Amino acid sequence: MRHDFDPGRRRALRTSAALLALSASGCALQPRSSVRAPAYPFTLGVASGDPVADGFVLWTRLAPVPLDGGGMPPLPVEVDWEVAEDEAFRSIRMAGRALAEPAWGHSVHVEVEGLAADRWYWYRFRWGGAQSPVGRARTAPVLGAALTRLRFGYASCQHYEQGYFSAYRHLVADAPDLILHLGDYIYETSWGEPVRRHEAGEPYTLAEYRNRYARYKLDRDLQAAHAACPWLLCWDDHEVDNDYAGAHSQDHDPAERFLARRAAAYQAYWEHMPLRRYARPKGADMLLYQRSGFGDLVGFHVLDTRQYRDDQACATADKGGGQVVTACAELADPARSMLGPQQERWLLQGLAYSKARWNILAQGLLMAPLDQTPGTEVGAWTDGWDGYPAARERILRRLAEARTPNPVVIGGDIHSYWATELSPEPGAAPVATELVGTSISSAGVPYESFAALLPENPHVKFFDSRARGYVLCELSPQRLEAAFRAVDDVRDPASGAHTLARFAVEAGRAAIQTA
């Protein structure tokens with residue numbers, strides 16, 4: 001135990017330094033005693049994220065007029081926060097004040113430290129005479145400590161217009177310890193037959209992305225899921241623009257213009273998520289990938305498959321983004337990367353030295369190869385891992401060479417459920433299993449067309465694109481059990497839910513079993 005650790009003193013020093021910086025910059029802090037909220041400021045709810053053994057991140061954003069920039073005065077304000085050992089807040093474990101600055105949308109990110117490991121806490125915020133909803137967060141077990149179970153869910157692809165977020169209501173009822181969101185938290189464009197409206201056009205500026213996030217976060221089921229337990233997060237493309245790849249937009253925008261848009265989108269993402277200070281973006285750059293461990297049971301390797309990737313192969317002057325190609329020599333280039341050199345080295349090193357019983361690669365895509373052209377030709381979708389086959393092979397070979405314990409890949413993006421077995425090359429023994437979840441609300445890929453591809457893809461053990469929902473996992477040292485949970489009707493906000501399929505992975509076996 002570290003007896004020199006004093007979280008209160010560390011927090012006071014950080015706050016003092018922030019106040020001094022504000023004073024030096026000429027930006028006066030609005031006195032707390034004189035502040036009254038113009039309207040209820042906690043309209044977007046609360047959230048927690050990135051749990052570690054002694055704490056987690058707490059989030060909220062002051063937004064009394066959420067769909068019109070937030071409605072806050074252009075001054076930094078102090079927000080009170082509390083963490084308690086009970087829901088009634090009779091036993092306050094920690095409390096403090098955090099700055100909500102106009103430059104960051106009056107968002108609040110509190111990194112709580114010094115709590116007991118592996119237990120639930122409750123938290124809330126106060127400002128302007130108003131109190132936030134109460135959220136619940138759990139600290140992780142100490143790294144290496146014996147852990148016999150972890151229940152987690154994961155979700156992705158929640159188009160506001162194409163359905164309701166009732167899947168989250170059922171996920172909350174399943175009482176997970178952790179939720180992972182695997183990308184497409186918002187959508188920048190509209191299509192299909194809407195059940196509700198964005199009520200604004202495609203976002204390009206920071207103000208427009210802030211309003212889009214506010215539109216989504218006003219959803220009560222999404223707010224309840226954030227308040228129920230900590231989240232881990234990665235993004236995909238629609239948080240910025242469909243099928244973007246690094247500095248390349250789908251529409252071949254000039255790089256300078258697109259990176260300005262990416263900077264706005266990244267900042268709005270950080271302002272609305274329970275992320276640590278190191279993730280706060282610097283212009284168009286934002287460090288999102290991370291490793292998160294829970295005792296000796298599992299290590300989550302959370303990946304960023306958008307920011308650092310090479311452009312899609314065989315793009316043309318009139319067609320950027322993803323497409324199915326059958327003859328594209330560029331795909332074979334071993335230098336092409338999905339993760340970028342630095343992140344790929346970080347991942348390969350982590351897979352080689354992991355001591356966790358299970359290793360879960362959390363990212364936004366289907367990793368398994370998927371031949372999308374009937375017959376002898378192989379059709380590859382260039383926006384997915386099939387567009388970066390050498391990078392995929394390097395990861396799968398490292399899993400085999402390092403004998404990484406029990407690797408499982410989880411993903412989203414493709415708006416359908418998949419259970420696959422992953423091999424470094426066709427015909428080789430599987431080295432990992434993959435469980436991909438469907439979308440929360442976004443329309444699925446054509447079922448009949450994709451089902452017809454399965455005979456040419458024997459490593460695919462299950463596919464279904466007809467339902468919206470999430471995946472719920474129960475993890476123990478011996479076994480991972482996954483339930484593909486589906487809502488009955490995504491166009492009904494009160495929809496029920498059912499389990500579409502159940503699968504299991506036994507420790508020591510890279511194979512999918514029906515549970």
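**A helix pair and an open sheet**

Let's start with two helices: α2 (residues 166–173) and α4 (residues 220–228) pack with their axes 8 Å apart, at an angle of about 30°. Helices here are DSSP runs of H or I with at least four residues, strands are E runs of at least two, and both are numbered from the N terminus. Axes are lines fitted to C-alpha atoms, for helices over the stretch in contact, and angles run from 0 to 180 degrees between N-to-C directions. The model is predicted: local features need pLDDT of at least 70, side-chain atom pairs count only at pLDDT 80 or more, and totals for chains, interfaces and linings use all residues. Residues are numbered from 1 along each chain as its sequence is written, and side-chain values use heavy atoms, leaving out hydrogens and water.

Because angles under 35 degrees count as roughly parallel, α2 and α4 are roughly parallel to each other. On the α2 side, the contact (heavy atoms within 4.5 Å) is made by S166, Y168, R169 and V172, and on the α4 side by D221, L222, A224, A225 and A228.

Now for the sheet. Seven strands form an open sheet with mixed pairing, in the order β12-β13-β15-β17-β19-β18-β20; two strands pair if DSSP finds at least two bridges between them. β12 (290–294) and β20 (460–464) stand at the edges with a single partner strand each, so one side of each lacks a neighbour in the sheet. From one strand to the next, the twist averages 20°.

Within this sheet, β18 (residues 417–422) and β19 (residues 432–436) pair in the antiparallel sense over five bridges. To find one of them, look at L422, whose bridge partner in β19 is A432.

How values were computed
Parallel < 35°, antiparallel > 145°, perpendicular 65-115°, else oblique.
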